[in-house]
Amino acid sequence: MRAFNSKQHHDLKFEEVFESYKHQVYAQVYIIAKSEYAAEEITQEIFIKLWLNKESLKDVKNLGGYLYTIARNYSLNYLRKAASDTRLVNELLRVAVTNDNNTEANMRVSECRKLISTAVSQLSPQRQLVYKLNKEDGLNYDEIATHLNLSRHTVKNHLMAALQFIGTYLAKNGVNPTLIAIFSLFYIN
């Protein structure tokens with residue numbers, strides 16, 4: 001593995017940094033996020049960010065403190081996003097339940113599904129495949145990456161781009177933004 005380049009840490013290799021700090025970072029994230037899954041995901045993201053930004057480490061005097069700060073910030077951002085998502089889901093569930101028996105709402109759902117199908121057909125073949133494997137077959141990023149021989153990051157980028165395109169397509173075709181959010185939570189998934 002290549003040397004982990006920086007003036008302060010020029011003797012360290014990324015593998016050594018990872019092995020030295022992975023348990024501490026995981027523990028710090030777990031304490032805040034209180035989720036094994038989140039702790040694993042966030043720890044991976046932190047080390048990926050560290051690797052991708054290794055040149056910026058030349059000014060870091062205390063790598064352990066630096067990692068501690070990153071772990072804390074990533075964890076707190078995760079909690080903020082989770083809290084926001086929970087509020088959004090609760091509001092959307094309330095709206096969805098209110099409109100559940102409404103014939104007009106059911107017609108909008110049917111129209112929206114058709115629009116989603118049209119939008120998906122306009123995606124590139126690779127994005128269509130990633131989208132369908134995730135949303136129709138229920139495969140996660142890692143399973144899709146293995147199946148298509150792609151990196152997890154590439155799969156995530158394809159899926160995010162596909163969802164963004166579909167959302168934009170729905171908006172351009174007059175679908176209410178609240179309905180787009182409901183569909184992306186309940187119908188696209």
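Tutor: In this predicted model, the largest nonpolar core has 20 residues, and I116, Y131, I166 and L170 have the most contacts inside it. Residues are numbered from 1 along each chain as its sequence is written. Local features need pLDDT of at least 70, side-chain atom pairs count only at pLDDT 80 or more, totals for chains, interfaces and linings use all residues, and side-chain values use heavy atoms, with hydrogens and water left out.

Student: What makes a set of residues a nonpolar core?

Tutor: The set must consist of buried Ala, Val, Leu, Ile, Met, Phe, Trp, Tyr and Cys residues joined through side-chain atoms within 4.5 Å. Helix 7 gives the largest share, six residues. A second, separate core has 17 residues, including V17, V25, L63 and I70.

Student: How many helices and strands does the protein chain have?

Tutor: The chain has eight helices and zero strands. Both are DSSP runs numbered from the N terminus: H or I over at least four residues for helices, E over at least two for strands.

Student: Why is H158 called buried?

Tutor: Buried means under 20% relative accessible area, exposed over 50%, and partly exposed in between, with a 1.4 Å probe and protein chains only. H158 has 16% relative accessibility and therefore counts as buried. This residue lies in helix 7. Across the chain of 189 residues, buried residues make up 32%.

Student: What makes the pairing of H158 with R127 a polar contact?

Tutor: A polar contact is a pair of N or O atoms within 3.5 Å; within protein, one must be able to donate a hydrogen and the other to accept it, and residues adjacent in sequence count only if both atoms are side-chain atoms. The side chains of H158 and R127 make such a contact at 3.3 Å. With neighbours within four places in sequence left aside, H158 is in contact (heavy atoms within 4.5 Å) with Q126, R127 and V130.

Student: Which classes of residue line the second largest pocket?

Tutor: Its lining divides into three nonpolar, three polar and five charged residues. Ala, Val, Leu, Ile, Met, Phe, Trp, Tyr, Cys and Pro count as nonpolar, Asp, Glu, Lys and Arg as charged, and the others, Gly among them, as polar. Helix 2 contributes the largest share of this lining, six residues.
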